[in-house]
Amino acid sequence: ANQTAMAELKESKKAFGISVNQYEHDSAVLGCKMKFSVLDGSGGSGAAMPVIYWLSGLTCSDRNFIEKAGAFKAAADHGVLIVCPDTSPRGVEIEGDNDSWDFGTGAGFYVNATEPKWAKNYNMYDYVTKELPSLISSTFKTTGKQSVMGHSMGGHGALTIAMKNTAFYSSVSAFAPICNPTQCPWGIKAFTGYLGAEKSTWEQYDATLLLKAAAKPPFPDILIDVGDADTFLPQGQLLPENFAAACTEKGQAVTLRMQPGYDHSYFFIASFIAEHIAFHAKFLKQ
């Protein structure tokens, strides 16, 4: 598709002096219409903005972060464009795509599927790293710098995408990320479904294994917050300790904060999002 895809503005609201917009476009990579939402921190100043991508978790859409994270003031303060893609293709109707909440619709896992049934549409990795950034740079005035952050499945997405594209992303952070998906029930289910039973093909989408395989520490620092009252921690879904161990082994600086009393929800995210945006702004402005 040579023609430049256009993003159509569907909704615009004002909050804290900035625009909160939702767009729709035709995705060639996913084979469907997709929506994404943005916090445009330029406040109408016309200033070029660095971009921070927010990758959401299981069952989420492009709206969860926008409506629940309370990131408006931080986006305005730092003059950043926060872009929130959806979490899977929409409306493609593949048999079984709505059978469970942790696979299929709302659960694209930021991989490029290779299993024939899913391979045509479930290419969220290419969508987030190629198609969407190209659309963003043609739709907004950007500085050409970008960072990535995310929550849970999206934290996995942020960590793996940043580590596979270290020259493209200035920094990475995560909330309660799925750090070692080849070793947890969510990851095993998703990877088996999208990538097949051959486990060697899974490793390219596992943050802990990617870090272990890295030639050198990829980032000056990585910020990760996890609530110590997160019910998915004792279930072994997140495994931040495995990622922390890989960081130590590799000499990768990581700021892993176990936040007392916080759970897996957007109440937790809203509590620390301003610190994450400030963390990225520091690297994006260098």
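How many residues of strand E5 (residues 81-85) are buried? In this predicted model, five of the five residues of E5 are buried, and the strand is mostly covered.

## The sheet

Nine strands form an open sheet of mixed pairing, and their order is E1-E2-E3-E5-E4-E6-E7-E8-E9. Strand E1 (8-15) and strand E9 are the edge strands, each of which pairs on one side only. From one strand to the next, the twist averages 20 degrees. Helix H9 (residues 266-284) packs on this sheet. The elements that H9 touches are E4, E5, strand E6 (142-151), strand E7 (169-175), E8 and E9. The direction of H9 makes about 165 degrees with that of E7.

Strand E3 (residues 32-40) runs antiparallel to E5 and is joined to it by five bridges. Within this pair, Leu 39 has Ile 82 as its bridge partner, and Val 38 stands opposite Val 83. Strand E4 (residues 49-55) pairs with E5 in the parallel sense, over three bridges. Here Val 51 has Leu 81 as its bridge partner.

## Strand E7

Strand E7 is largely enclosed by the rest of the structure, because six of its seven residues are buried. Strands E6 and E7 run parallel and are joined by five bridges. In this pairing, Met 149 stands opposite Ser 173 of E7.

## The nonpolar core

In soluble globular proteins, nonpolar side chains tend to be buried together. In this model, the largest nonpolar core has 91 residues. Which of its residues touch the most other members? They are Phe 36, Phe 65, Ile 82 and Tyr 194.

Residues up to four places away in sequence aside, the contacts of Tyr 194 include Phe 103, Phe 109, Val 111, Trp 118 and Tyr 122. Gly 104, Ala 107, Gly 108, Thr 114 and Glu 115 are also among the residues that Tyr 194 touches.

Ser 88 is found in the loop between E5 and helix H3 (116-119). Is Ser 88 buried or exposed? Ser 88 is buried, with a relative accessible area of 0%; residues under 20% count as buried.

The side chain of Ser 88 reaches the backbone nitrogen of Gly 106 at 2.8 Å. Leaving out residues up to four places away in sequence, Ser 88 touches Met 34, Gly 104, Thr 105, Gly 106, Ala 107, Gly 108, Tyr 122 and Met 124. Gly 104, Ala 107, Gly 108 and Tyr 122 are also among the contacts of Tyr 194.

## Helix H8

Helix H8 (residues 240-250) has the buried residues Pro 240, Phe 243, Ala 244, Ala 246 and Cys 247. Why do these residues lie on the same side of H8? They do so because they cover an arc of only 160 degrees around the axis. An α-helix has 3.6 residues a turn, so residues three or four places apart point the same way.

The buried residues of H8 pack against helix H5 (153-164), helix H7 (207-213), strand E8 (223-227) and strand E9 (255-259). On the face turned away from the buried side, H8 carries the exposed residues Thr 248 and Glu 249. Just after H8, Gly 251 takes a positive phi of about 75 degrees.

Note on methods
Residues are numbered from 1 along each chain as its sequence is written. This is a predicted model: local features need pLDDT of at least 70, side-chain atom pairs count only at pLDDT 80 or more; totals for chains, interfaces and linings use all residues. Side-chain values use heavy atoms; hydrogens and water are left out. Buried means under 20% relative accessible area, exposed over 50%, partly exposed in between (1.4 Å probe, protein chains only). Helices (H or I, at least four residues) and strands (E, at least two) are DSSP runs, numbered from the N terminus. Two strands pair if DSSP finds at least two bridges between them. A nonpolar core is a set of buried Ala, Val, Leu, Ile, Met, Phe, Trp, Tyr and Cys residues joined through side-chain atoms within 4.5 Å. Contact means heavy atoms within 4.5 Å. The arc is that of the directions from the helix axis to the C-beta atoms. Axes are lines fitted to C-alpha atoms, for helices over the stretch in contact, and angles run from 0 to 180 degrees between N-to-C directions. A polar contact is a pair of N or O atoms within 3.5 Å; within protein, one must be able to donate a hydrogen and the other to accept it, and residues adjacent in sequence count only if both atoms are side-chain atoms.
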